[in-house]
Amino acid sequence: MPVQLVNEIKSTIKPNNHPYMNEAWTPNYKEYNATEMEVIGEIPQDIDGVYIRNTENQVHEPIGRYHPFEGDGMVHMMHIVNGQAEYRNRFVRTKAFAAEQEVGHSLWAGLMEHPKMSIRPGWGAHEHLKDASSTDVIVHAGKLLSTFYQCGDGYRLDPYTLEQLGTESWVPLDGISAHTSLVEKTGELIFFNYSKHAPYYHYGVVGPDNKLKHYIPIELPGPRLPHTIAFTSNYTIINDFPLFWDPELLKKDIHASRFFPDIPSRFGIIPRFGDPDTIKWFEADPTYVLHFINAWEEGDEIVLDGYFQESPVPGRYPDAPPEYERMMAYLDMYLLKPKRHRWRFNMKTGQTTEEHLDDPYVEFGTINHRYGGIKNRYAYSAIPAKGKFLFDGVAMHDNDSGRSWEMPFGPQRFGSEPAFAPRINATSENDGYVATFITDLIQDRSEFVLIDATDFEAGPVCQVILPHRISSGTHSTWAHGEDIRKARALRAA
Ligand SMILES: [Fe+2]
């Protein structure tokens with residue numbers, strides 16, 4: 001059957017005007033399998049893999065104020081091979097999802113409320129939140145891994161069928177954060193967690209065989225809120241930014257992040273399998289970075305690209321309901337002002353040098369991950385929409401020439417984090433497609449689109465129309481069919 005409604009989850013959400021439960025953030029409750037979808041243009045024959053994106057997709061009426069990063073995880077998958085497309089979407093069947101299904105209402109209050117409002121103990125760094133598994137997705141060892149930014153279990157799904165494979169057994173007591181990183185060259189997965197308990201941070205590596213190879217404590221000065229991790233061919237780069245839960249408020253169990261402009265940013269560089277005492281710390285200008293782009297080794301230096309927030313404390317958000325003003329401000333990239341930035345850490349002298357790469361506010365970037373950990377020339381960023389956590393275009397950056405190109409999605413059309421899908425037998429770094437889902441509010445539908453990176457401004461080469469309009473979300477990934485087959489063969493051996 002070309003479009004099959006597989007399941008429908010009952011929602012208890014009442015009609016509301018919450019800015020992140022309506023319009024492009026309207027949650028979905030139907031789960032589909034679809035083939036033979038309408039295609040505008042032509043699906044290329046020269047890619048083979050899956051584009052997978054998560055969505056924060058709340059099922060039950062929230063307890064107190066709702067923040068979109070707490071919604072229940074839903075995964076959307078588009079499999080492209082031989083010029084054909086197959087789409088599926090599923091909720092991630094987390095332990096929390098099952099518990100709330102059983103009782104028929106929310107059991108956990110969110111980030112903006114006091115933990116005493118939660119009905120059950122929670123998970124992760126915060127300790128009182130629902131582990132929604134709704135932040136990030138990656139494919140490692142032939143299986144999808146879905147994760148939550150405040151740390152929690154790692155939920156595994158089959159990347160093609162979205163069959164639920166349960167929680168990952170190597171995940172330690174403190175859980176794993178979102179933004180595990182796949183080293184495509186070796187098949188290794190880098191992960192970290194953070195908590196309110198000393199030493200406050202752990203770092204680990206899982207092999208291509210899905211066995212835990214390395215797990216070490218890294219002592220930080222106190223509870224911190226790291227969001228991502230970066231790596232080169234031989235090193236891993238962790239971060240300690242001066243934006244963390246206010247220690248005084250934390251004593252009252254109030255979790256309110258605060259920026260400390262007099263404390264430097266710190267980056268810790270450690271050999272991939274290094275012991276805690278091999279970490280080298282570097283200081284840099286105070287900021288907060290949600291996402292890094294790539295890192296590599298160059299002579300005595302480690303080079304790191306990422307999005308440097310010029311205003312980690314956002315300015316005032318106009319016209320927001322007072323109870324949501326802080327949330328709206330922290331979700332507006334035009335107030336946080338993230339710019340592409342390059343840090344250089346000299347491993348011999350211990351010195352840091354840094355500079356902006358350009359001026360536009362962009363975030364949620366990607367590269368051709370075949371170049372993860374080695375010098376990349378090209379990067380691709382999502383272009384934020386003004387005022388709301390939405391992306392209304394995608395940009396391609398050429399680090400050699402300093403040029404960038406922009407491809408706007410059009411009025412009331414919002415995309416997701418882009419991912420880069422290299423052509424089969426690609427001959428250069430930029431030889432492939434930029435993939436995204438787009439939600440079109442005017443046509444009331446969603447599409448999967450591919451943009452030829454070698455002809456970027458020409459627009460999509462194909463638009464595959466999904467069986468339903470899908471909610472916006474945060475992160476995405478592209479996994480190569482070739483890598484999934486290799487990983488599965490390794491696991492079967
Ligand atoms: Fe993220």
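In the predicted model, 64% of the 493 residues of the protein count as buried. The secondary structure comprises 5 helices and 34 strands. The radius of gyration is 21 Å, close to the 23 Å given by the globule rule for 493 residues, so the protein is as compact as a globular protein of that length. Along the principal axes, the C-alpha atoms fill a box of roughly 60 × 55 × 50 Å. When contacts between residues at least 6 apart in sequence are considered, 61% join residues at least 24 apart. The accessible surface comes to about 18800 Å², and carbon and sulfur atoms account for 50% of this area. Charged side chains number 47 positive and 67 negative, with the centres of the two sets 3 Å apart.

Several strand pairings were examined. Strand β33 (residues 460-465) runs antiparallel to strand β3 (residues 39-41), to which 3 bridges join it. In this pairing, valine 39 stands opposite valine 464 of β33. Strand β33 also pairs with strand β32 (residues 445-452), again in the antiparallel sense, over 5 bridges. Here glutamine 463 of β33 has valine 449 opposite it.

Strands β27 (residues 391-398) and β28 are likewise antiparallel and are joined by 5 bridges. The two strands form a hairpin with 5 residues between them, and glycine 402, in the turn, has a positive phi of about 80 degrees.

Two residues illustrate contrasting surroundings. Isoleucine 269 lies in strand β19 (residues 265-271). Its relative accessible area is 1%, under the 20% limit, so isoleucine 269 is buried. Beyond its neighbours within four places in sequence, isoleucine 269 is in contact with Tyr235, Thr236, Ile237, Thr278, Ile279, Lys280, Phe282, Ile302, Phe345 and Met347. Between the C-alpha atoms of isoleucine 269 and arginine 326, which are 57 residues apart along the chain, the separation is 33 Å.

Lysine 386, by contrast, is placed in the loop between β26 (378-384) and β27. Its relative accessibility of 68% is over the 50% limit, so lysine 386 counts as exposed. With neighbours within four places in sequence left aside, lysine 386 is in contact with Asp332 and Tyr334. The C-alpha atoms of lysine 386 and glycine 415 are separated by 14 Å, the two residues being 29 apart along the chain.

Backbone geometry was also examined. Most residues other than glycine have a negative phi, and most peptide bonds are trans. A cis peptide bond joins alanine 198 and proline 199, with omega at about 10 degrees. Proline 199 is in the loop between β12 (188-194) and β13 (201-206). Lysine 337, although not a glycine, has a positive phi of about 60 degrees. This lysine is in the loop between α4 (333-336) and β23 (338-346), and lysine 337 is partly exposed, at 27% relative accessible area. Glutamine 412 also has a positive phi, near 55 degrees. The loop that holds glutamine 412 runs between β28 and β29 (413-415). At 41% relative accessibility, glutamine 412 counts as partly exposed.

Key: Residues are numbered from 1 along each chain as its sequence is written. This is a predicted model: local features need pLDDT of at least 70, side-chain atom pairs count only at pLDDT 80 or more; totals for chains, interfaces and linings use all residues. Side-chain values use heavy atoms; hydrogens and water are left out. Helices (H or I, at least four residues) and strands (E, at least two) are DSSP runs, numbered from the N terminus. The radius of gyration is taken over C-alpha atoms; the globule rule is 2.2 Å times the number of residues to the power 0.38. Buried means under 20% relative accessible area, exposed over 50%, partly exposed in between (1.4 Å probe, protein chains only). Contact means heavy atoms within 4.5 Å. Accessible areas come from the Shrake-Rupley method with a 1.4 Å probe; for residues, only the protein chains shown count as cover. Lys and Arg count as positive and Asp and Glu as negative; His and the chain ends are not counted. The place of a charge is taken as NZ of Lys, CZ of Arg, CG of Asp or CD of Glu. Two strands pair if DSSP finds at least two bridges between them.
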